[in-house]
Amino acid sequence: MFDERPPTVSARRLVLDPPANAPAPSFERLRAHIRSRLPRAPGYRQLLRRVPLGVNAPVWVDDPDFDLSRHVTEARSSRLEDVVDASMSEPLARDRPLWQM
């Protein structure tokens, strides 16, 4: 994860339809739902850290500054192509867990 090779990228597109008999949830409600589920997946709160003196491979550690708003962001465009382009154009920041929605 810390070498000079090109990064491996995995992307998924998820289009959600609102419930049949209810309005679509707001972005904040969706983010709150994701927040409520995070305790079940602790790896989403972890980041890679180098081992002192490089004596071993990097290890996964809990991010003491985890902030869900840096991972679940509201799209700036209603066009799917623009959203995909924006999210895939920049590598993920290495100072936080390596995922975004």
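How many residues apart are Glu-28 and Arg-31 in helix α1, and how much of a helical turn separates them?

**Entry 1: the pair in helix α1**

I began with this question, keeping in mind that I am reading a predicted model. Glu-28 and Arg-31 are three residues apart in helix α1, which covers residues 27-37, and so about one helical turn separates them. I then looked up how the two side chains meet, and I found a salt bridge in which the closest N and O atoms of Glu-28 and Arg-31 are 3.7 Å apart.

Glu-28 is partly exposed, at 48% relative accessibility, whereas Arg-31 has a relative accessible area of 12% and is buried.

**Entry 2: more about Arg-31**

Which residues does Arg-31 touch, once residues up to four places away in sequence are left out? I listed Leu-68, Ser-69, Val-72 and Thr-73. Arg-31 itself sits in helix α1.

**Entry 3: the other salt bridges**

I looked up the total and found that the structure holds four salt bridges. One of them joins Arg-70 to Asp-63, with the closest N and O atoms 3.6 Å apart. Here Arg-70 is partly exposed at 27% relative accessibility, while Asp-63 is buried at 8%.

Another joins the side chains of Asp-82 and Arg-79, with 3.1 Å from N to O. Both of these residues are partly exposed, Asp-82 at 32% relative accessibility and Arg-79 at 46%. I also noted that Arg-79 and Asp-82 belong with Glu-81 to a network of linked salt bridges.

**Entry 4: the surroundings of Asp-63**

I went back to Asp-63 and asked where in the chain it is placed. Asp-63 lies in the loop between β2 and α2, the helix of residues 80-88. The side chain of Asp-63 reaches the backbone nitrogen of Asp-65 at 2.9 Å. Leaving out residues up to four places away in sequence, I found that Asp-63 touches Arg-45, Gln-46, Leu-47, Arg-70, Arg-96 and Pro-97. Arg-70 in that list is also the salt-bridge partner of Asp-63.

**Entry 5: the backbone at Leu-53**

I looked up the backbone angle of Leu-53 and found a positive phi of about 65°, although this residue is not a glycine. I noted beside it that most residues other than glycine have a negative phi. Leu-53 is in the loop between β1, residues 46-49, and β2, residues 59-62. Is Leu-53 buried or exposed? Leu-53 is exposed, with a relative accessible area of 85%.

**Entry 6: the aromatic pair**

My count of aromatic pairs came to one. The pair is formed by Tyr-44 and Trp-99, whose rings are 5.2 Å apart centre to centre with 90° between the planes, and the arrangement is edge-to-face. Tyr-44 is in the loop between α1 and β1 and Trp-99 is in the segment after α2, so the pair ties together parts that are 55 residues apart in sequence. Tyr-44 is partly exposed at 43% relative accessibility, but Trp-99 is buried, with a relative accessible area of 11%.

**Entry 7: the whole chain**

I finished with the overall picture, in which the chain has two helices and two strands, arranged along the sequence in the pattern α-β-β-α. The radius of gyration is 16 Å, well over the 13 Å that the globule rule gives for 101 residues, so the chain is more spread out than a compact globule. The C-alpha trace spans about 55 × 30 × 15 Å along its principal axes.

Lastly, I looked at contacts between residues at least 6 apart in sequence, and 58% of them join residues at least 24 apart.

Note on methods:
Residues numbered from 1 in each chain as written. Predicted model: local features only at pLDDT ≥ 70, side-chain atom pairs only at ≥ 80, totals over all residues. Heavy atoms only, no water. Helix = DSSP H or I, 4+ residues; strand = E, 2+ residues; numbered from the N terminus. Buried < 20%, exposed > 50% of the residue type's maximum accessible area, 1.4 Å probe, protein only. Polar contact = N/O pair within 3.5 Å; in protein donor to acceptor, adjacent residues only side chain to side chain. Contact = heavy atoms within 4.5 Å. Rg over C-alpha atoms; globule rule 2.2 N^0.38 Å. Phe/Tyr/Trp six-rings, centres within 6.5 Å; stacked < 30°, edge-to-face > 60°.
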